[in-house]
Each structure stands twice: as structure tokens, then as C-alpha cells.
Amino acid sequence: MNNFEYKQATDAIDATDAVAASEDAMFIAGGTNLVDLWKYNLVHPKLLVDINHLHNHKHITELENGGLRLGALVTNADTAYHPLVEERYPLLSKAILAGASPQIRNMATNGGNLLQRTRCYYFYDPDVPCNKREPGSGCPAMEGYNRIHAILGASDQCIAVFPSDMCVALAALGAVVNVSGNNGERSIPFTDFHRLPGDAPDIDNHLHHGDLITSIDLPVRGFAQNYSYLKLRDRHSYAFALVSVATALELDGGIIRDARLALGGVAHKPWRMHEAESVLIGRTADEATFAAAAEVILADAKGFKYNNFKIELARRAIIRNGMMALNPETQLPGAQPSA
Amino acid sequence: MTTIVLNVNQRRYSLQVLPWVSLLDALRERLKLTGTKKGCDHGQCGACTVLCDGKRILSCLTLAVMKDGSDVTTIEGIASGDDLHPLQQAFIEHDAFQCGYCTPGQICSAVGMLNEGKARTREDVKELMSGNLCRCGANTGIINAIMEVKEGGGLE
């Protein structure tokens, strides 16, 4: 753990200027991942810029187009329990409440949720190589204990997975991330925000140093009638997903008119595939239909010695979660399997 | 060094801290309020749970400088003088601890959870208390104690 300086930013420009001025400066909001990474000696900031006083980004507001804007500094708990989120985007509410613990959700912010690092145990162990921590040093996970690792989109450099639950729902819903940086403001579609490891696994997303997430926009359609988030893990609660599934359906007399399907815990980013969603559209909402979508989304899945089970687990989770989406009112706390 | 003010258990403290001092260390080492426990120090066990501006948070992952001016309640501030808080009394009656190390965090977390008002069923309570681990295995007693207070009308 290194020493660092601390500064409270007064507004977004003050914050981005302060961080952009030094390669060793970082934003801090909830701190739930950053403080931990610092304690593990994985990040070495010389300056932490506290953005908790940027009050413009602490609200949830309705957009003129009928969507909803989630301020980057609203906590995960306040987002999940916000009446408009619960009413119009219950899939997002359920996904958030399946993640972390109540204490962490009270601290963690929406912007920070997108920026959390992988929980790959080799990444956290400074005594072993890791291409994400030290590019070019190697990846012991590939030949090691890889139970929690990727089955989709991995590279020969890195098989780590992105741990967020909230982001799986945001990908499924087609959210947009608003960013303020040195070159002005820009908006990034959610599925383009995170990146695959490729040959640069140390880079998790498409932000540049000094870019600040200011808000996340939800589109009008929230799939509030038929949705489900299912999270399968080694512990009943307060554990990261081995596999999670976000399913959102628009039904017309048992026929699927529109569908969203995204997976968590399986790749370096939330995994959404339009081809798999297309398979669902126009078909009866039953187990055979969800199985057909699972075949498509998992067609290129590749397991390793200790996580091969995840491919079949994901297939079954997609089917089960599709059926759960037909009866959202029967869903259990903590995104557990229900009938 | 930064000078900060913390209102802990309704008492005002002014203290100088370095930027990297956690709220947990500030409470324990500087204010000598050692009721709040350091378990894992990584946000995995919940032993360090305190209420900050009314919300349950993990003091181990909180930098003290970021809470300048905040109201903090620790286990030392839960009772009313010599009268135990209903949750404290219920924990005794239900054998809700063995070694006791997780207990301050469990009770602060339960106070926060009951204030949040989101738990309806026993299953909800279990899910919403999952951030506090008990390695002695007193979880059944812990949930029984919380349920009794919740069913009995909650907090005064």
C-alpha cells in the first residue's frame, strides 16, 4: 500500500482536470473496489480525486424521450429501490440486488459499478504472473484453477471475467453511458463500453485516462411485464456469479414479440448476442425456444479444465430463466432459481 | 494531514488524519471506539459495519477524510444509557453469538436493515443480512433475534 494525496473536486471539470493532469491520479466515489485494490497493492494512486460532491450527478431523472437517466453518483441501493426503476426497469433492480451486500450497495455508485475490476484470484495475487496486472507476464489461470473463468470471448492472454450483475441488466436493456472528458462529452452504447481481453487484457473498457462517467441512460422500453435475473454461484448469497442470465421478453399471447438475453460471469464483458435474441422472436415462449437461443449464444463457448461445467450450466440457466421471466411475481430474493 | 469532524454516537470529534486512514482505523485507533471490529479488512465479512448518516456501510473500505462532517453510529452508540437496544436484548435471548466478534457488525447491520424497511419475509431478512458472516454458525439465532424485533414492531 502506498501513500497518496487527496482532493475533493467541486465539479466535473475540476475533477477531470485534476485526474487528467497526472497519470497516477484516480477518481474515487464509493471506493468499494478501489480501496480494496489499493490495500492489495494492485493500484498505486498518487492522488485520489473525491467526486462525491458533484451534486449534479446524484439524481435519477426522467428524460424527454421517456427514458430514465441514472446519475453516476447515485448509489446502487438508491438506484435499485428507486420507484421509477422498480416500476419500469425491474430487471435492473433485481440484478443490482443480486450483487455484493447491502452495505456495499449503500456505498457503491452506478459509475463505479461499471469500472470494477475482475475477481480472478491470479489477478489479486502479486506473487504470480498476470497479463491483466502486468502485461506480458503470462496467465496462470489457463493451466491453473479456473473455476470462475471465461467460457466466451477469452483470448490466449486472459480468461478473466467481468464480475458485475448490474451491468448484465444494463447490457440487456440497451443502456447508454455518458462520459465527460478532456475532449468534451460523448455517449457510448453499453455493449461497446467494455472490451474483450484480446492482446491488451490490462484494459477493461474504452474510457481514456481522465474520462468521467457522468450518467447512464435507460431507453424507454423496460420490459417490466416479463423479465428475470438468475444468478448461480458457489454460495447462496454474497458471492460473484459463476453464471448469471438477464432475460427480458415482450409477449403477445404466448408468442415472443421482442427479446433481450445477456449473460454474466462468462466473459470479459456482459455477453449479449443479437443473433440469439433473433432466435426467440416470433416463437412460443417455452423451454424448446429458450434452448434454441442457448445453442446460438453458447455455440462458440470454450471451457477449461475446471470451468467446463459452465457451458452446460449456462445452457440450463438460460432455459430456466426464460421460464422464470414468464412469472416474475414468483421470483425469490437474491436472484435464486424459482419455478 | 487533514482536519476532519466526525459526529460519532452524537459526540463531536475533531481529528487530524492522513488521507489513507480508513474510517475503521480512525474509530478504533484514534477515538478508541474498539467495539467496531476489523475482520477481513477487505469488505468481505461485515464485522466493521457502522451506520453513516443513517445508512449501514463498511468502515474498512471507507476513507475517513471522505466522511468529514458525517454522523456515525457504532455499536457503542446503539443502547440508550444502560437500556439495551431491542436487538442487543434479542441477540442475548436467542443465543445469537458465540465468540462475539461479528456481533457489533451484525447488530449495526440489522439496525440499518430494519430502517431500510425492505425486508418482508424471513427469506428477505436472510438475503439482506448476507453481508455479515458468522463463522461460529450462530446464523439461525441471529436471524431469529432480528425476526423477533422486526415482528415486534421493529425499532422504537
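**View 1. Contact between chain B and chain A.** In this predicted model, 26 residues of chain B are in contact with 24 residues of chain A. On the chain B side, the elements that contribute two or more residues are β4 (55–58), α3 and α4 (122–128). Sorted by class, this side of chain B has 10 nonpolar, nine polar and seven charged residues.

**View 2. The two domains of chain B.** The domain assignment divides chain B into domain 1 (2–77) and domain 2 (86–151). Their C-alpha centres are 21 Å apart. Domain 1 of chain B puts 15 residues into the contact, and domain 2 of chain B puts in 13 residues.

**View 3. The side of domain 1 of chain B that touches domain 2 of chain B.** Two elements of chain B, β3 (49–52) and β4, each give two or more residues to this side of domain 1. The most come from β3(B), with three residues. By class, the residues on this side of domain 1 are six nonpolar, six polar and three charged.

**View 4. Packing of helices α2 and α3 in chain B.** Helix α2 (residues 86–93) and helix α3 (residues 103–116) of chain B pack with their axes 10 Å apart, at an angle of about 130°. The two helices, α2(B) and α3(B), are therefore oblique to each other. Their crossing is right-handed. From α2(B), the contact involves B:Leu87, B:Gln88 and B:Phe91; from α3(B), B:Thr103, B:Ile107, B:Ala110 and B:Val111 take part. Five of the residues in this contact are nonpolar and two are polar, with no charged residues.

**View 5. Packing of helices α5 and α8 in chain A.** In chain A, the axes of helix α5 (residues 90–97) and helix α8 (residues 166–173) come within 7 Å and cross at roughly 160°. Because angles over 145 degrees count as roughly antiparallel, α5(A) and α8(A) are described as roughly antiparallel to each other. The crossing of α5(A) and α8(A) is right-handed. Helix α5(A) contributes A:Leu91, A:Leu92, A:Ala95 and A:Ile96 to the contact. The residues from α8(A) are A:Met166, A:Val168, A:Ala169, A:Leu170, A:Ala172 and A:Leu173. The contact of α5(A) with α8(A) has 10 nonpolar residues, no polar and no charged.

Note on methods:
Residues numbered from 1 in each chain as written. Chains lettered and ligands numbered in written order. Predicted model: local features only at pLDDT ≥ 70, side-chain atom pairs only at ≥ 80, totals over all residues. Axes fitted to C-alpha atoms, helices over the stretch in contact; angles between N-to-C directions. Helix = DSSP H or I, 4+ residues; strand = E, 2+ residues; numbered from the N terminus. Parallel < 35°, antiparallel > 145°, perpendicular 65-115°, else oblique. Left-handed = near helix turned anticlockwise from the far one by under 90°. Contact = placed C-beta atoms within 7 Å. Nonpolar A, V, L, I, M, F, W, Y, C, P; charged D, E, K, R; others polar. Domains from an automatic or database assignment.
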